[in-house]
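Please look through the sequence and the three-dimensional structure shown here before reading on. The paragraphs that follow lead you through them step by step.

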Amino acid sequence: MKNIIIIFKRELGSYFATPVAYVFIVIFLIMSGALTFYLGNYYERGQADLSPFFVYHPWLYLFLVPAIAMRLWAEERKTGSIELLMTLPISIGQSVTGKFLAAWVFISIALLLTFPIWLTANYLGNPDNGVIFAAYLGSFLMAGGFLAIGSCISAMTKNQVIAFIITVVICFLFLLAGSPLVLNFFKALVPQSIVDAISSLSFLTHFTSLAKGVIDLRDIIYFVSLIGFWLYANTIIIEMKKAD
Amino acid sequence: MIKVKNLSKKFGHLTAVDDISFEVKPGEVLGFLGPNGAGKSTTMKIITGFLTPTTGNVEVSGFDVTEQSIEAKKCIGYLPEGAPSYGEMTPAQYLEFIAQVRQLTGQNKIDRNREVIQHLHLKKVLNQSIETLSKGFKRRVGLAQAILHDPDVLILDEPTDGLDPNQKHEVRELIKSIAPNKVIIISTHILSEVDAICSRAIIIADGKILADDTPEGLRNKSSSNKMDDIFREITSGHIS
């Protein structure tokens, strides 16, 4: 646990030591604001809620989270610092967890900085703050899911661009797993039970129910186990390929 | 104490290290010599637990490096080839991070920190990010990291590469001063360095140990009594 905290602090500090943190936060805030007001017609709808804000989060994360995740391990490989990290008395699981948590907290900081939009909703009317809380929770968990996928993919390569592109594609598939685009493709190939299983993996389905204010334990378990699965795979990949 | 037993490492069809065995006792400074690609770095990477051996095993201070890797890593200070570190950190932050990982606390941490900064002349650059430092300073930051916790076993992969002659001299003095009671392995291309600091030298080529002797002993094998000549003769297969 102590080692996880040490890695976590080093990683989080490194975001703010470079322009990465500031660029990410500014872009995230501008984009989420722009999407809410222009595409989401926040004012014209005449409703004091944040659904036009949250509805774009999956698409925003699709590109911004892989941009954060791509450097997690690919950069360690590129600079050779992975050799240093792996020869310190820290287990691979601790490094993977520490790095993941630092990136997740970092994205959460950006998410929390969207609070003015929550203030705006409360200023303009009386939104259901319970629903807003659930949606923030859903957004936070979904970001963790994207990030765990990205961290695992980043561990496979030295090249951050490759890590980014593959992560975007996998996240896109997870996002749309419940949509006709993906399901029709699988319907022709596999039995219905597997199609149903694929459909239940959809980020969008699980996030949407949380964004509507329904805190269903199954949705939370889904995201938590998804994160666990990808981080476990991440650990195994590092173990196997650390020196490549 | 390091015990290497029948160690082999294969990368696909390539055998980087081919069934080597040796022991290093406290107080010994072992120089690893050999042409590029001979298996020096690979052997060091296995000893430090970065690579897992294909066959054979390595014991460091009584711990098997694959079975009890965390315990073994605690006893080792390691400078990887090229001295990689986290470029966006300053040496001060970096050493603080290493001190935390190495579980140094209180007065001991302050003393150790001061000592390595003084030994390696890092005071001037403490608050400058590592990526902006010269090659020599980067190397010294890497060395500082390796010796910070005063380890029993020190593995240094080309510690003086990229340093100017004065800095080389200082690093050699540093290694000599900490050598008693420690197990030290250094790899180098500079043969005079072996004479200057090593109590023993192993010449390795194509993953095999070709010679294992004191620097004097090695030189005596050559007709000209020169380290360079004996190195060339052994590694190019004129004598074995």
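This is a predicted model: local features need pLDDT of at least 70, side-chain atom pairs count only at pLDDT 80 or more; totals for chains, interfaces and linings use all residues.

**A walk through the two chains**

Residues are numbered from 1 along each chain as its sequence is written, and chains are lettered from A and ligands numbered from 1 in the order in which they are written.

B:N181 lies in the loop between α6 (165-178) and β8 (183-187) of chain B, where helices (H or I, at least four residues) and strands (E, at least two) are DSSP runs numbered from the N terminus. Most residues other than glycine have a negative phi. B:N181, however, has a positive phi of about 75° although it is not a glycine. B:D19 also has a positive phi, near 50°, and is likewise not a glycine; B:D19 belongs to strand β2 of chain B and is partly exposed, because 14 other C-beta atoms lie within 10 Å.

Strand β2 (residues 14-24) of chain B runs antiparallel to strand β1 (residues 2-11) of chain B, and seven bridges join the two; strands pair if DSSP finds at least two bridges between them. Within this pair, B:V4 stands opposite B:F22, and in the hairpin, which has two residues between the strands, B:G12 takes a positive phi near 65°.

In chain A, helix α2 (residues 20-39) and helix α4 (residues 57-69) pack at an angle of about 175° with their axes 11 Å apart, the axes being lines fitted to C-alpha atoms over the stretch in contact, and angles running from 0 to 180 degrees between N-to-C directions. That makes α2(A) roughly antiparallel to α4(A), because angles over 145 degrees count as such. Residues of α2(A), including A:F24 and A:L35, meet A:L60, A:L64 and A:I68 in α4(A), contact meaning that C-beta atoms, placed from the backbone, lie within 7 Å. By class, this contact has eight nonpolar, one polar and no charged residues, where Ala, Val, Leu, Ile, Met, Phe, Trp, Tyr, Cys and Pro count as nonpolar, Asp, Glu, Lys and Arg as charged, and the others, Gly among them, as polar.

Helix α1 (residues 2-17) of chain A holds A:R10, which counts as buried because it has 22 C-beta neighbours inside 10 Å.

Note on methods
A residue is buried if 20 or more other C-beta atoms lie within 10 Å of its own, exposed if 12 or fewer, and partly exposed in between; C-beta atoms are placed from the backbone. Angles under 35 degrees count as roughly parallel, over 145 as roughly antiparallel, 65 to 115 as roughly perpendicular and the rest as oblique. Two residues are in contact if their C-beta atoms, placed from the backbone, lie within 7 Å.
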